[in-house]
Amino acid sequence: MTTYDLIAVGRACIDLNAVEYNRPMEETETFSKYVGGSPANIAIGASKLGLSCGFIGKIPDDQHGRFISKYMSEIGIDTSQMAIDKDGHKAGLAFTEILSPSECSILMYRDDVADLYLEPSEVSEDYIKQAKMLVVSGTGLAQSPSREAVLKSVALARKNDVKVVFELDYRPYTWKNAEEVSVYYSIVAEQSDVVIGTRDEFNMLENVTEGNNDNTVAYLFQHEPELIVIKHGVEGSYAYTKEGETFRGKAYKSNVLKTFGAGDSYAAAFLYALSKGKTIQEALQYGSASAAIVVSKHSSSEAMPTVEQIEELMEEQSN
Ligand SMILES: Nc1ncnc2c1ncn2[C@@H]1O[C@H](COP(=O)(O)OP(=O)(O)O)[C@@H](O)[C@H]1O
Ligand SMILES: O=C(O)C[C@@H](O)[C@H](O)C(=O)COP(=O)(O)O
């Protein structure tokens with residue numbers, strides 16, 4: 001029996017977004033707090049679109065942990081499998097700097113963060129088998145024991161016919177070196193049904209400096225993946241199927257405030273559209289429209305749009 005359209009595994013953290021725009025972080029005095037972390041953002045986005053979502057992760061036993069858990073459960077996400085860290089590990093923090101609409105950066109505090117202490121024993125087969133799809137974020141592979149917990153969740157999903165979606169979500173902060181990224185990314189990508197990432201993230205997966213989409217899909221289609229999505233920022237995105245089809249998703253025009261949040265909102269709406277039986281072309285449009293909305297707003301999680309907002313934008317810019 002499936003209870004969840006989507007279960008995400010990985011980090012649920014805190015974003016502290018600069019309230020003062022167009023200013024370097026050195027001079028920023030005020031930050032707004034939101035729930036963050038790519039897989040949490042994806043679950044929040046998908047839940048706002050009406051999918052039933054669960055989350056597997058680990059949060060601290062403190063004010064930040066309780067804020068994350070309360071926010072996610074109020075959005076409608078099942079948080080029963082978010083383990084509470086009992087060893088004093090803290091929430092990951094991401095401070096953002098909005099220098100201009102196209103020049104944004106993120107300063108991450110990720111030493112000894114609770115999410116990377118998720119244990120394999122905290123991943124339940126009974127829970128995973130209730131999902132239609134498991135969304136795995138690459139950052140969860142950066143360190144043990146989270147690495148083994150993620151590998152276990154992928155194995156359990158495959159055993160129980162749950163589709164595995166791998167969001168590459170590469171963040172340099174907690175990785176030792178590029179070789180290690182490529183080793184673990186390849187293991188999971190080769191076993192996933194759907195792989196989503198930016199061109200740069202696929203370069204990390206393949207351990208190349210300048211890869212190209214043809215080589216990427218030729219490699220991954222030798223393995224499990226049926227669908228590969230490669231994002232190229234404002235230039236749009238491509239989806240490739242194992243049957244040899246290629247689809248292009250154009251970015252929508254947006255009154256851009258900041259660049260971050262695009263990838264997570266894109267993934268949430270793309271997966272929503274696929275799970276509602278829309279075509280791959282439509283799913284690309286849902287993802288792109290959702291991202292165009294989020295880049296025009298201040299946060300990544302709180303700004304996730306509704307289906308109506310996405311469809312309204314698609315309609316407005318249909319020509
Ligand atoms: N400035 C922008 N304006 C409108 N849409 C954007 C913009 N930047 C990104 N997007 C949309 O978000 C998608 C994902 O963005 P991208 O930057 O490739 O991913 P990530 O945020 O993961 O680095 C793009 O394919 C595009 O549709
Ligand atoms: O993923 C994180 O830990 C930080 C995010 O919460 C932050 O909002 C962000 O960087 C989202 O960016 P995206 O990957 O472009 O969606």
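This is a predicted model: local features need pLDDT of at least 70, side-chain atom pairs count only at pLDDT 80 or more; totals for chains, interfaces and linings use all residues.
View 1. Helices (H or I, at least four residues) and strands (E, at least two) are DSSP runs, numbered from the N terminus.

**View 2. The edge-to-face pair of Trp175 and Tyr185.** The whole structure holds 9 aromatic pairs (ring centres of Phe, Tyr or the six-membered ring of Trp within 6.5 Å; planes under 30 degrees apart stacked, over 60 edge-to-face, the rest tilted). Among them, Trp175 and Tyr185 lie 5.7 Å centre to centre, with 80 degrees between the planes. Trp175 belongs to the loop between strand S9 (163-167) and helix H5 (178-191), and Tyr185 to helix H5. Both residues are buried (under 20% relative accessible area, 1.4 Å probe, protein chains only).

**View 3. The stacked pair of Tyr266 and Phe270.** These rings are 6.1 Å apart centre to centre, with 5 degrees between the planes. Both residues lie in helix H8 (residues 262-275), about one turn apart. Tyr266 counts as buried because its relative accessibility is 5%; for Phe270, also buried, the value is 0%.

**View 4. Charges over ring faces.** Lys33 lies over the face of Phe67, 4.0 Å from the ring centre, and Arg147 over that of Tyr184, at 3.8 Å (NZ of Lys or CZ of Arg within 6 Å of the ring centre and within 35 degrees of the ring normal).

**Notes.** Residues are numbered from 1 along each chain as its sequence is written, and chains are lettered from A and ligands numbered from 1 in the order in which they are written. Local features need pLDDT of at least 70, side-chain atom pairs count only at pLDDT 80 or more, totals for chains, interfaces and linings use all residues, and side-chain values use heavy atoms, leaving out hydrogens and water.

Terms used:
Buried means under 20% relative accessible area, exposed over 50%, partly exposed in between (1.4 Å probe, protein chains only).
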